[in-house]
Amino acid sequence: MLRKTLLLLGAFCVAPYIFAQNFLFPLDLRPAYLSANFGELRPNHFHSGLDFKTDKVEGKVVRAVDSGYVSRVGITPGGYGRVLYVTHPNGYTSVYAHLKVLDSRVDSLVMAYQYEKHVQTVDMSFMPGQIPVERGQQIALSGNSGSSGGPHLHFEIRKTENQHALNPLLFYNIRDISRPKILRIGVYPMDTNSFVNHTQKNQYFETISKGNGVFVLKDPITVWGNIGFSVQGYDYMPDQSNIYGFYTVSLICNNQTIYSRTIDEVDFSTTNDINSLIDYEERLRSKRNYERMWVEPNNDLKIYTKLVNNGIYQTTENDSAQCEIRATDIAGNMASIVLRLQQNTVDSLDVRTMPTKQLHSCADTFIYTYEKFQFKAKPRTFFSDFTCAVTVDESNPKKRYFSKQYKVETDQVIFKKSAEIIIPYNLPDSLQGKGIIENCGKKTPIMTRFDDEGCAHAFVKTGGKFAVVVDTVAPSIKISQEKLNDMTNQSYILFKMADNYSGVAKYNAYIDGVWQILDYDSKSGAVFLWFDRARMEFGKKHTLRIVLEDLCHNVFEQEYEFYK
Ligand SMILES: [Zn+2]
């Protein structure tokens, strides 16, 4: 696999835009400006496409980048929002997300399906021939739907056979003469016999720019033992104030490349392993993404093109040691920093023997049991070997908890996969069905299943203190009765919905008893109900019934009258 990747990369280095001219741009706006590039480090995933700017407004014409057929459509309150997939005969599928308006043929098929099944979210597939599209044909209007931070077009090119997203800049040439910047670096002692600047703590340094992509540190770094490095910074594009992700990152120590990675492809089944690539603990503290240049055992990312000793630098007695970190963009612009490393002999260090904690193998199943409580992790739940301890807290401030509080402590700040937590609980009959497991420190609810033996089950991806709490408050809405009185000149009813704790799980509305499609935007809580002349008679009084339910089965139900 690695060899195949290397060969491909070789080809790309010689001619980065080997696929140029295969595809049209999806928007008419020229020049095409990006607000995000491929491979950017995002929460729990790599950005899997390009974000094209749309002049800060919705409603720009979106065109099929080549001929083919609409193969899939999605509508969700978060995520991609309204999204279209167009499959092309050349083995690629193009994806257009956060749309405002879909192709009318798609729209009518989707609505028929929604009315038939009474579903508010959609993920439909179509056969070749059902909705054919020509190269350059208008297929949608751009928007801001789903988890979008402002109007733009999220655009992907995928390999149809495995749905891996490819770097679209391998197909499109967008002028870029701006260099990346290396803003900070991290240096890490990798074990209890290793030191950075005489301590066993991770050290972080701000860089100083010398111009022309050259960065330096103020002082040399003192190291001993096995050392890891991380880099934090961005790429830039001409005339744009946005920040972008690096295309390649490499680490060269004493003239040998010991780490390099390139982001040409995102496999959605492993994209979550970005949590192993970044320094997650530092992300929680500083909100900055330091990209680590070593690889943990259960990290399945296929982005690595060269690894020596998994990217971990082993200090030697050589006193002229130096490591260079390089970051490039896809146009070949580079930033680099040379780190001068001073070696320390062990006896000059402030050596305090660290207590060795018991490490569990990340290749094995791990089960911790205390009475009926269990913490269960399947093999490869953690990125690396881990520590784990569980303590029980029987205190119950404000009678908030309906179980003991179980504190799971581990050195793994974020897990690769979810571990199961099983908590014995005690709910009075009046509160049955209202329980949910909470991460007590953060007061965040976690989707919970209750079994018949008095235990609550949930899946968690971090340690924390867990207990069963209840949610007895139904969701609520904000709606203007004044506006409802006369909707004659309105084409929709708008209301906002919210829930105090566990979150809205189901939302439905009925006009004169007939089920309605609701267009829900989870980032704002706004819900649009578009009037459909085919499904209601205009020019009379109607009743609107809204029914909402949260994760703990608390139901909001209310009737309103309106004139339309
Ligand atoms: Zn995007």
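Helix α2 covers residues 104-117, and a simple length check works on it. Helices here are DSSP runs of H or I with at least four residues, strands are runs of E with at least two, and both are numbered from the N terminus. The expected span of a helix is 1.5 Å times one less than its number of residues. For the 14 residues of α2 that gives 20 Å, and the end C-alpha atoms are 20 Å apart, so the two agree. Just after α2 comes His118, with a positive phi of about 55°.

This is a predicted model: local features need pLDDT of at least 70, side-chain atom pairs count only at pLDDT 80 or more, and totals for chains, interfaces and linings use all residues. Residues are numbered from 1 along each chain as its sequence is written. The pLDDT is the predictor's confidence in each residue, from 0 to 100. Its mean over the protein is 93, and 94% of the residues reach 70 or more. Over residues 1-16 the value is below 50. Beyond near neighbours in sequence, that stretch has 11 contacts in the model. A contact means that the C-beta atoms of two residues, placed from the backbone, lie within 7 Å.

Now look at the strands. Two strands pair if DSSP finds at least two bridges between them. Strand β11 (residues 138-142) pairs with β5 (residues 61-63) in the antiparallel sense, over three bridges. β11 also pairs with β8 (residues 92-102), again antiparallel and over three bridges. Which residue of β11 is the bridge partner of Val62? It is Ala140. Leu102 stands opposite Ala140 too.

Next, the domains. Their bounds come from an automatic or database domain assignment. Domain 1 is 15-170, domain 2 is 181-343, domain 3 is 366-470 and domain 4 is 476-563. The C-alpha centres of domains 2 and 3 lie 35 Å apart. Their contact takes 10 residues from domain 2 and seven from domain 3. On the domain 2 side, α3 (274-277) and α4 (280-286) each supply at least two residues. α4 gives the most, with three.

Finally, find the open sheet. Five strands form it, in the order β31-β32-β38-β34-β35, with antiparallel pairing. Its edge strands are β31 (388-393) and β35 (444-446), and each pairs on one side only. Inside the sheet, β34 (residues 435-439) and β38 (residues 464-470) pair over five bridges. There, Ile436 stands opposite Val469 in β38.
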